[in-house]
Amino acid sequence: MIERKVNFERLRGMRCGSCSYEWKTNDKWLDRFNQGEETCPSCGTDCQVEERPNFWAAQDDPSYDDTNVQATYWYHTSTHSSWPDPNFDPIARLSDETRQKYQHIGTDGRALERWAQRQTSKALHLGTYESAIGNMLRRMKDQDISEDQFYLYRVQLRPDAAIEPGVHKEPTNWVGDVQLVE
Ligand SMILES: [Zn+2]
């Protein structure tokens, strides 16, 4: 198995959606960019438009080599102590208050059921060690769950796992989820 060398200083590949300029940058620059303090170094496009600069696969990064995906260790951080859990019940973790809120959504009284269905049909999100740690820190900051216990999982894909060739944009929604059917 391939275990990548951990490097939190590794630069991120970027590409401007407006002028197609490509460059590499670090977390500090990305923070300033997302605050509106930095723009595309070539054309000045900022973070507020659809053609904003975004992450771009660096072609020389070994993580993007399709033939190595099953042979590489991947990582996932979760607040679940037992993961993956075939008997996972998303409703069990909700407060009574949240459950009651769902009763007022829609007209058929089945909003909670549909939410639970979506939670158990989500695609699994794996990444590098650095991205798994980064994701955990982001959730602690943005989702107000800094008191929660996090668990770091190291994942090995089955040899028969299907791999879509090439590098694609992640089809995540605003909370970072992807439904398996997508
Ligand atoms: Zn540009």
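Strands here are DSSP runs of E with at least two residues, and helices are runs of H or I with at least four residues, both numbered from the N terminus. The model is a predicted one, in which local features need pLDDT of at least 70 and side-chain atom pairs count only at pLDDT 80 or more, while totals for chains, interfaces and linings use all residues. Residues are numbered from 1 along each chain as its sequence is written.

Next, select strand 1 (residues 12-15), which pairs with strand 3 in the antiparallel sense over 2 bridges; two strands pair if DSSP finds at least two bridges between them. Now display the whole sheet. It is open, with 3 strands in the order 2-1-3 and antiparallel pairing. Strand 2 (22-25) and strand 3 stand at the edges with a single partner strand each, so one side of each has no neighbour in the sheet.

Proceed to P41, in the loop between helix 1 (27-34) and strand 3 (54-55).

Then select Y21 and W23, with which P41 is in contact when neighbours within four places in sequence are left aside. Contact means that the C-beta atoms, placed from the backbone, lie within 7 Å. Finally, select E22: its C-alpha atom is separated from that of P41 by 9.4 Å, although the two residues are 19 residues apart along the chain.

Conventions. Two residues are in contact if their C-beta atoms, placed from the backbone, lie within 7 Å.
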